[in-house]
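Hi,

Here is the structure I promised to pass on.

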Amino acid sequence: MKVSRMVLKNLFNFQSVDVLLAERVFLIGANASGKSNLLDVFRLVHDIAKTGGGLQRAVSTRGGLSSIRYFTAPKSSPVELEIHLTDSAAKIPNFKYAIGLKQTKNHPVSLVYERVWKDNHLLIDRPDKEDKQDALRLTQTYLEQISMNAAFREIAHFFGAALYLHIVPQLLRHPEASLNPSVSENAFGRTFLKQLAETPAKTRQVRLNKIEQGLRITVPQFKRLIYIEDETNTPHLEAVYESWEQKRVSLRENRFSDGTLRLVGLFWSLLESESLLLLEEPELSINGRIVKEFGPLIYRLQSPRQVILSTHSWDLLSDNGIAGEEVLLLTPTINGTQVELVSSIKEVRQLLEAGLSIADAALSRTQPPALNQQSLFQ
């Protein structure tokens with residue numbers, strides 16, 4: 001299953017968005033255009049659907065409804081999103097999930113509506129009779145309630161299993177420095193080693209063997225990647241390097257380079273599961289020649305999962321295998337950020353048809369216009 005279409009109204013940077021999504025999606029745009037926020041749309045639904053999550057917590061951890069509402073939208077305007085989910089072989093969505101959110105006098109977040117379709121048949125249409133009799137019911141989605149989502153639990157599992165990754169090497173090296181140690185998920189790498197420890201030993205070793213093969217190609221003098229536990233049962237990764245003197249040196253993860261840590265996290269996430277994978281600028285701290293291989297790597301390893309990633313990287317987007325239908329261009333306007341497939345832009349499409357890459361044909365459109373007129377400091 002994959003997200004095939006997304007419709008947004010008054011959410012984050014987006015006043016109105018309606019776009020189709022491929023199995024591989026590359027988000028490009030200027031700084032502050034909303035790439036991270038577009039990824040956060042999926043994280044928001046994930047936080048609603050996941051075990052221990054829910055609508056109230058998902059919104060409150062983002063600062064409340066006022067923080068996720070489009071900044072010029074009236075307070076009376078609902079925040080709305082609709083996501084279509086489609087099997088690879090299907091031509092119509094298997095499921096559609098839609099919610100509208102508002103703030104009321106008594107509740108910081110309440111449902112304006114919640115609707116679920118399966119094979120174009122409307123399963124859920126809230127508020128229903130019970131909701132109208134008890135407004136407190138509208139502070140929870142059916143998506144988050146096991147007792148209410150039996151007919152569409154498949155999409156609750158899909159959203160709940162989505163994985164966001166943006167490894168911050170300092171947090172992986174020093175997990176005790178995290179400002180929020182109660183966070184259990186691995187978005188920024190703090191719990192990455194714990195995640196390895198909780199993976200069955202055989203599965204963990206198979207994945208580490210594959211990661212080891214990749215690191216031998218990308219990291220000079222690298223030989224082996226080993227999972228170990230110290231005397232306090234704390235998990236560690238250990239890398240074995242062979243120096244020019246043919247002496248072997250072993251280093252634990254707190255001495256890995258930023259690029260090596262991010263590569264390990266990227267490789268692991270691509271191997272980990274079949275769930276939706278959200279990647280934030282995976283090229284950071286990594287040599288450009290390696291980044292050029294990310295597109296083909298994701299293509300080889302992603303099936304059957306969907307991967308959505310944000311990037312500024314010329315190297316990544318210079319891969320001619322990336323099609324215009326796989327790239328969303330985010331452009332800030334006076335009416336919020338516009339989101340469009342680059343294949344829908346006539347000039348870009350013509351350049352792609354002439355054999356140019358996305359980097360050549362579209363990346364210049366992400367540059368702030370003022371940079372062409374003056375230097376940063378005068």
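Predicted model: local features only at pLDDT ≥ 70, side-chain atom pairs only at ≥ 80, totals over all residues.

Residues are numbered from 1 along each chain as its sequence is written, and side-chain values use heavy atoms, with hydrogens and water left out.

The structure has 14 salt bridges (a side-chain nitrogen of Lys or Arg within 4 Å of a carboxyl oxygen of Asp or Glu). Here are some of them.

Let's start with Arg24 and Glu326, whose side chains form a salt bridge at 3.0 Å, N to O. Arg24 sits in strand β3 (residues 24-29) and Glu326 in the loop between α12 (314-317) and β14 (327-333), so this pair ties together parts 302 residues apart in sequence. (Helices, H or I with at least four residues, and strands, E with at least two, are DSSP runs numbered from the N terminus.) Arg24 is buried at 4% relative accessible area, and Glu326 is buried too, at 14%. For the cut-offs, buried is under 20% relative accessible area, exposed is over 50%, and partly exposed is in between, with a 1.4 Å probe and protein chains only.

Next up is Glu212 with Arg216, where the closest N and O atoms of the salt bridge are 2.7 Å apart. Both are in helix α8 (residues 201-218), four residues apart, which puts about one helical turn between them. Glu212 is buried, with a relative accessible area of 9%, whereas Arg216 is partly exposed at 45%.

Then there's Glu347 and Arg365, a salt bridge with its closest N and O atoms 3.8 Å apart. Glu347 belongs to helix α13 (residues 346-353) and Arg365 to the segment after α14 (358-361), so the pair ties together parts that are 18 residues apart in sequence. Glu347 is partly exposed at 46%, and Arg365 is partly exposed at 38%.

What about networks? Glu114, Arg126, Asp128, Asp131 and Arg137 are linked in one made of salt bridges.

Asp258 and Ile286 are 28 residues apart in sequence, with their C-alpha atoms 8.1 Å apart in space.

Cheers
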